[in-house]
Amino acid sequence: MTVTELLAAVAIAVGIAGIIVPVLPGTILVLGAILVWALEIGTATAWLVFAFATTFLVLGTIVKYLVPGRQLKASGVPNRTLLAGALLAFVGFFVVPVVGMFIGFVVGVYAAERARVGAAGAWPSTKAALRAVGVSILVELVAAFLAVATWVVGVVLT
């Protein structure tokens with residue numbers, strides 16, 4: 001394994017961690033690592049690997065927004081509820097590092113939904129928002145794993 005491959009693997013691992021704990025731009029880190037590897041290797045195979053990885057990541061990003069968005073629309077959760085969750089997640093990240101982000105998101109969504117639909121409807125709406133976010137993360141993670149699998153094949157072939 002070359003130094004470039006090792007550094008790319010580390011950047012990819014950090015990117016995948018950034019997808020699971022959305023603090024870092026995970027998809028961009030994965031794509032950037034594969035791009036640096038393709039630039040270093042410079043073969044037609046490396047560029048084909050980069051093209052396939054890019055396709056997986058772009059499609060994953062598109063699906064990541066379409067599928068959960070439809071779920072939220074179907075459950076009636078408005079975008080402003082997610083914005084409230086995101087804002088409290090941001091604040092929570094600094095109040096209680098890392099874990100506070102998750103707590104802040106749930107509290108923000110619940111508070112916004114409680115103000116919008118009342119106490120009885122707030123928790124079902126919050127669960128729908130959490131499911132949608134979970135699906136979004138899962139879709140992005142699958143796309144990243146497909147891109148990484150493509151990269152691993154490229155490393156073996158070059």
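**Close-up views of a predicted model**

View 1. Glutamate 113 and arginine 116 make a salt bridge, and their closest N and O atoms sit 2.7 Å apart. This comes from a predicted model, so keep that in mind for every view here. Both partners belong to helix α5 (residues 99-117), where they are three residues apart, or about one turn of the helix. Arginine 116, with a relative accessible area of 34%, is partly exposed. As a general point, side chains of opposite charge can pair when their charged atoms come close.

View 2. How many salt bridges turn up when the whole structure is searched? The search finds two. Besides the pair in View 1, there is one between lysine 64 and glutamate 140, with 3.1 Å between the closest N and O atoms. This pair ties together distant parts of the chain: lysine 64 is in helix α3 (residues 44-75) and glutamate 140 is in helix α6 (residues 119-157), 76 residues apart. Lysine 64 is buried, at a relative accessible area of 14%. Glutamate 140 counts as buried too, at 13% relative accessibility.

**View 3. Threonine 27 and what it touches.** Look in helix α2 (residues 26-41) to find threonine 27. Its relative accessibility is 13%, so this threonine counts as buried. Which residues does threonine 27 touch, once those up to four places away in sequence are set aside? They are Ile19, Leu57, Thr61 and Glu140. Glu140 is also the salt-bridge partner of lysine 64.

**View 4. Helices α2 and α3 side by side.** The axes of α2 and α3 come within 9 Å and cross at roughly 170 degrees. That makes the two helices roughly antiparallel. On the α2 side, the contact includes Thr27, Leu31 and Trp37, while the α3 side includes Trp47, Phe50, Leu57 and Thr61. Sorted by class, this contact has 14 nonpolar residues, three polar ones and no charged ones.

**View 5. Alanine 8 and its surroundings.** Alanine 8 is part of helix α1 (residues 3-20). This alanine is buried, with a relative accessible area of 5%. Leaving out residues up to four places away in sequence, alanine 8 touches Ala33, Trp37 and Trp151. Leucine 31 is 23 residues from alanine 8 in sequence, and their C-alpha atoms are 9.8 Å apart in space.

**View 6. Threonine 4, also in α1.** Threonine 4 lies in helix α1. Is threonine 4 buried or exposed? With 19% relative accessibility, threonine 4 counts as buried, since the cut-off is under 20%. Setting aside neighbours within four places in sequence, its contacts are Val36, Trp37 and Glu40. Trp37 is a contact of alanine 8 as well.

**View 7. Helices α1 and α6 running against each other.** At what angle do α1 and α6 pack? The angle is about 170 degrees, with 10 Å between the axes. The two helices are therefore roughly antiparallel to each other. Among the α1 residues in this contact are Glu5, Ala8, Ile12 and Ile19, and α6 brings in residues including Glu140, Phe145 and Trp151. The contact of α1 with α6 has 13 nonpolar residues, no polar ones and two charged ones.

Note on methods: Residues numbered from 1 in each chain as written. Predicted model: local features only at pLDDT ≥ 70, side-chain atom pairs only at ≥ 80, totals over all residues. Heavy atoms only, no water. Helix = DSSP H or I, 4+ residues; strand = E, 2+ residues; numbered from the N terminus. Buried < 20%, exposed > 50% of the residue type's maximum accessible area, 1.4 Å probe, protein only. Contact = heavy atoms within 4.5 Å. Salt bridge = Lys/Arg side-chain N within 4 Å of Asp/Glu carboxyl O. Axes fitted to C-alpha atoms, helices over the stretch in contact; angles between N-to-C directions. Parallel < 35°, antiparallel > 145°, perpendicular 65-115°, else oblique. Nonpolar A, V, L, I, M, F, W, Y, C, P; charged D, E, K, R; others polar.
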